[in-house]
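Please examine the assembly shown below, with attention to the places where its chains meet. The briefing that follows is arranged by topic.

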There are 4 protein chains.
Amino acid sequence: MQRLRLALPPVSVPRTRYVHTVAFYETDGMGIVHHSNHVRFLELARVAFLSEHDQPYTAYMEQGFHVPVIRVEVAYYRPCRFADAVEITCWLRGARNASLAFGYRLEVQGQLAGCGISEHAIVDREGRPVRIPPSMAGRIDRWLGRNEGPPTDP
Amino acid sequence: MQRLRLALPPVSVPRTRYVHTVAFYETDGMGIVHHSNHVRFLELARVAFLSEHDQPYTAYMEQGFHVPVIRVEVAYYRPCRFADAVEITCWLRGARNASLAFGYRLEVQGQLAGCGISEHAIVDREGRPVRIPPSMAGRIDRWLGRNEGPPTDP
Amino acid sequence: MQRLRLALPPVSVPRTRYVHTVAFYETDGMGIVHHSNHVRFLELARVAFLSEHDQPYTAYMEQGFHVPVIRVEVAYYRPCRFADAVEITCWLRGARNASLAFGYRLEVQGQLAGCGISEHAIVDREGRPVRIPPSMAGRIDRWLGRNEGPPTDP
Amino acid sequence: MQRLRLALPPVSVPRTRYVHTVAFYETDGMGIVHHSNHVRFLELARVAFLSEHDQPYTAYMEQGFHVPVIRVEVAYYRPCRFADAVEITCWLRGARNASLAFGYRLEVQGQLAGCGISEHAIVDREGRPVRIPPSMAGRIDRWLGRNEGPPTDP
């Protein structure tokens, strides 16, 4: 689980904090959130990240882009329960020609509940890989905390 | 709940029995199948009905048809639990120009667990109502137990 | 569908408006919200209603009560899509010894998207029917718009 | 993604092949299975593995054991679509005092669709870690292809 040890984004990178309140239908027979739902929570935070830092996901779709998941990894440290306010922090971990990786940290009441990574292709409507959309490409260095000019972040 | 009292199809109509084994992820914090999943179980049985008595749902889709739900109703008599083999019986209850209604009966180990009704429009790829597809139309009377000529069913 | 025609609560009854933003994972291969998810949306609004007008659902659970669904009905008028803000209005439609019925209206951007009814038993941890919990019972007349002093409703 | 490169179990270890036919409600607005559902497919295969090679998961539950997921990882190579028969092969990858790891390979019509790993704690009803249940412990070496005596497997 080496790759998941770093459950915190680098200090200077843009991030989004999304709060999801656990629905009863997300719990399972163990009385906790079923682990598959955490993968959905990552999606909620990722969509919020793109919306906050670039454009709504619907805009990508209208422009003919999709950002399907090609790998996902979640580590579970503490169960989430019905009515918990799960705070999911999302940031960009890396980017290449036609792929992106996001990092995630999940907290409930300030306690680490889990963390995750998702890797994505960028594809067109037919599912063919394409280069990262221009609006996104122009922001990626900043999202990764690169080329900041003189560093000003704490 | 008058409409749901009849949890049995008429004797002579075609039906499909579909068995779904309850997954753990379908249970909720009460330790039983979350009630929204029964709506999905109806879909499983309906898709099986169309496949058995007409053609796979994928064939409708390739021909440009969709059969969206315009109303659904489920009555719950007994909880279903993890690993239960839920037997869903599906039959056609009625049909009009551009709509269909299916009936459902859910059983676990021979005991009535619930019943349901779903009503459907027939639409094209753009979501516009269309007439019932020919392959389906030719079978509907039989599916409803009509025009049987001399009755031969038990 | 007679029972679902009344998609508006009586003027004077307490209600809760809950806004749910459609997640991508709630859409299906038709590009719209899968109809089973509307049943989950009703739950979100019902839980919010109880929390706003009585107590959090977790408090019922701690007191040993559950409010399982014994019947649900949804009518779909317009598809909901990814990123839509679905506004679900929930109110109490009726109550008897050990059961409750809620009504629901779903809107997207002011347009009616659907409506629903759910009926519930009140049960203890073992699933046995019990009388309506005291905190709830004391409020039910008001939730139904009854015992308001001189009647003023149309 | 180094850890996921090995999408095949060692030749001699017990495995289970579970076939899941994709439901329409498992597809998303891209027209493919939503990636969170693959995590559920792993669960279906894991439950089938335990049932085939040890005992039904319900028996663990009755004995007071749960096997919650503490880490999951899925790589997606090809989208799965509605009505696809997804064949999930599951085997044990490793075991320690109170944890287990399973490997998975997903195929559709003989083509690799993805692979996965899940890591699990063994806990009691209160969620406290416990040692691996005896029925399982006695089989683990065999599940891992160890202590086979003179090798007889191909």
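Chain C and chain B together bury about 2,100 Å², of which carbon and sulfur atoms give 57%; buried area is the accessible area (1.4 Å probe) that two parts lose on being put together, summed over both. This is a predicted model, in which local features need pLDDT of at least 70, side-chain atom pairs count only at pLDDT 80 or more, and totals for chains, interfaces and linings use all residues. Residues are numbered from 1 along each chain as its sequence is written, chains are lettered from A and ligands numbered from 1 in the order in which they are written, and side-chain values use heavy atoms, with hydrogens and water left out.

**Chains C and B**

- The contact (heavy atoms within 4.5 Å) takes 23 residues from chain C and 23 residues from chain B.
- Two salt bridges are counted between chain C and chain B, a salt bridge being a side-chain nitrogen of Lys or Arg within 4 Å of a carboxyl oxygen of Asp or Glu.
- Glu73(B) forms a salt bridge with Arg71(C), and their closest N and O atoms are 2.6 Å apart.
- Strand β2 (residues 69–76) of chain B pairs with β2(C) in the antiparallel sense over five bridges; strands (E, at least two residues) are DSSP runs, numbered from the N terminus, and two strands pair if DSSP finds at least two bridges between them.
- Within this pairing, Ala75(B) has Arg71(C) in β2(C) as its bridge partner.

**Chains A and D: symmetry**

- Chain A is superposed on chain D by a rotation of 180° with 0.0 Å of shift along its axis (RMSD 0.0 Å), by least squares on the C-alpha atoms of residues with pLDDT of at least 70 in both.
- That is the relation of a two-fold axis.
- The same surface serves both copies, since 100% of the contact residues of chain A recur in chain D.
- Glu73(A) comes closest to the rotation axis of the residues of chain A, at 2.1 Å (C-alpha).

**Chains A and D: interface**

- The area buried between chain A and chain D is about 2,100 Å².
- Met30(A), His35(A) and Arg40(A) supply 23% of the area that chain A buries against chain D, more than any other three residues.
- Two salt bridges cross the interface of chain A and chain D.
- Glu73(A) forms a salt bridge with Arg71(D), with the closest N and O atoms 2.6 Å apart.
- β2(A) gives the most to the side of chain A that touches chain D, namely eight residues.
- β2(A) and strand β2 (residues 69–76) of chain D pair in the antiparallel sense over five bridges, and Glu73(A) stands opposite Glu73(D) in β2(D).

How values were computed: Helix = DSSP H or I, 4+ residues; strand = E, 2+ residues; numbered from the N terminus.
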